[in-house]
Amino acid sequence: EMVRVPLELPPVYADYNYIGNLRYMGIALFAVMFLMSLFFASWTFSKRHVRVVAASQPEFLLMICFGVLISASSLLTISIDDSEVGYYGSTSTGLCMSIPLLTSLGFTIMFSALFSKTRRINKIFHNPFPYRKRMKVSLRELYLPVVLLFTANVVALTLWTFIAPLK
């Protein structure tokens with residue numbers, strides 16, 4: 001009977017998709033986002049008593065800057081590939097899992113801040129007593145969506161990390 005497998009196999013070629021010099025672009029983009037986030041956060045903090053900025057709810061503007069900072073930090077972990085830390089090991093697995101963690105936590109902070117701002121505006125415009133002097137929205141009502149969304153996200157990401165982490 002004939003052997004159907006060739007006796008001399010071609011050399012194995014593995015393409016690891018290393019990013020090479022693109023890592024410097026990721027680091028540069030992170031630096032730009034980091035500096036812009038810090039600039040806008042410091043500007044918001046310094047102008048928080050100006051009427052327009054105060055009406056824009058500076059605590060939520062600062063939360064958006066912080067969410068951008070966390071989400072942008074995933075660019076640093078994307079910029080590190082297996083050529084630097086090795087293919088197998090806890091370091092590469094941790095870096096791989098940190099990308100969706102940082103991205104989704106940053107997005108959740110930004111989204112919940114925008115959601116709370118919109119919720120406050122809707123509550124004021126849909127006031128059942130429009131002729132009252134002022135309507136107050138408590139801090140508990142404002143930060144409840146932030147806490148709930150962030151907690152749900154942390155629980156889902158924690159379960160993902162322990163049940164089936166990225167490798």
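1. Salt bridges, taken as a side-chain nitrogen of Lys or Arg within 4 Å of a carboxyl oxygen of Asp or Glu, number 1 in this structure. The partners are Lys 123 and Glu 141, whose side chains meet at 2.3 Å, N to O. Because Lys 123 lies in helix H6 (residues 90–125) and Glu 141 in helix H7, the pair ties together parts that are 18 residues apart in sequence. Helices here are DSSP runs (H or I, at least four residues), numbered from the N terminus. In general, side chains of opposite charge can pair when their charged atoms come close.

2. On provenance, this is a predicted model in which local features need pLDDT of at least 70 and side-chain atom pairs count only at pLDDT 80 or more, while totals for chains, interfaces and linings use all residues. Residues are numbered from 1 along each chain as its sequence is written, and side-chain values use heavy atoms, with hydrogens and water left out.

3. Accessibility is classed as buried under 20% relative accessible area, exposed over 50% and partly exposed in between (1.4 Å probe, protein chains only). Lys 123 is partly exposed at 30%, and Glu 141 is partly exposed with a relative accessible area of 25%.

4. Helix H7 (residues 139–163) has 25 residues, which at 1.5 Å a residue should span 36 Å, and its end C-alpha atoms are 36 Å apart, in agreement; the expected span is 1.5 Å times one less than the number of residues. Buried in H7 are Leu 142, Pro 145, Val 146, Asn 153 and Leu 157. Phe 111 belongs to helix H6 and is partly exposed, at 42% relative accessible area.

5. The axes of helix H1 (residues 22–46) and helix H3 (residues 58–72) come within 9 Å and cross at roughly 165°, which makes H1 roughly antiparallel to H3, a label for angles over 145 degrees. Axes are lines fitted to C-alpha atoms, for helices over the stretch in contact, and angles run from 0 to 180 degrees between N-to-C directions.

6. Disulfides (cysteine sulfur atoms paired within 2.5 Å) number 0. Cys 65 is buried at 12% relative accessibility, whereas Cys 96 is partly exposed at 27%.

Key. Helices (H or I, at least four residues) and strands (E, at least two) are DSSP runs, numbered from the N terminus. Angles under 35 degrees count as roughly parallel, over 145 as roughly antiparallel, 65 to 115 as roughly perpendicular and the rest as oblique.
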